[in-house]
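Trainee: I am new to this structure and would like to go through it step by step. May I put some questions to you once it is in view?

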Amino acid sequence: MAPLAFLGIAFARQVASILSAMSKTTLTYPDLLQRLDTIPVIGSAVGWMRENAPVSADQVQGWIMDGAQSVLKSAASMGGSLALGIVGSLVGFAMMLFLLFLSAA
């Protein structure tokens, strides 16, 4: 169980570092839009969205950050559940082998 706890702690630290790196990024949303404008197919769609969409760049950036954070938090919680499920299966298998050995002897 102790190795799994260490893996869980390491995974949580990685998620926290990813979230902090995402919040400290130097690429702003307007800069990203300018980069997307240079791509032939996507640039026209981005330009159309800028002119016709009633949302601001800050709102879209907030939505993206919130979505990414919720996905990473879900991945962190599912990672712990997956690790516990694997350990539970291995322990159950080991107990089954032990009990089969005892019944054969």
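Trainee: In which helix does leucine 100 lie?

Mentor: This is a predicted model, in which local features need pLDDT of at least 70 and side-chain atom pairs count only at pLDDT 80 or more, while totals for chains, interfaces and linings use all residues. Residues are numbered from 1 along each chain as its sequence is written, and side-chain values use heavy atoms, with hydrogens and water left out. Helices (H or I, at least four residues) and strands (E, at least two) are DSSP runs numbered from the N terminus, and leucine 100 lies in helix α4.

Trainee: How many helices does the secondary structure of the protein come to?

Mentor: Read along the sequence, the protein follows the pattern α-α-α-α. There are zero strands, and the count of helices is four.

Trainee: Which element of the protein has the highest mean pLDDT?

Mentor: The pLDDT, the predictor's confidence in each residue from 0 to 100, has a mean of 76 over the protein, and 83% of the residues reach 70 or more. Where pLDDT is low, the predicted coordinates should not be read in detail. Among the elements, helix α1 (residues 2–23) has the lowest mean, 71, whereas the highest, 81, belongs to α4.

Trainee: Is leucine 72 buried or exposed?

Mentor: Leucine 72 lies in helix α4, and its C-alpha atom is separated by 9.1 Å from that of alanine 16, 56 residues apart along the chain. Buried means under 20% relative accessible area, exposed over 50%, and partly exposed in between (1.4 Å probe, protein chains only). Because its relative accessibility is 18%, leucine 72 counts as buried.

Trainee: What is the relative accessible area of serine 77?

Mentor: Serine 77 is found in helix α4, which covers residues 57–104. The C-alpha atoms of serine 77 and alanine 12, 65 residues apart along the chain, are separated by 9.2 Å. Serine 77 is partly exposed, because its relative accessible area is 46%.
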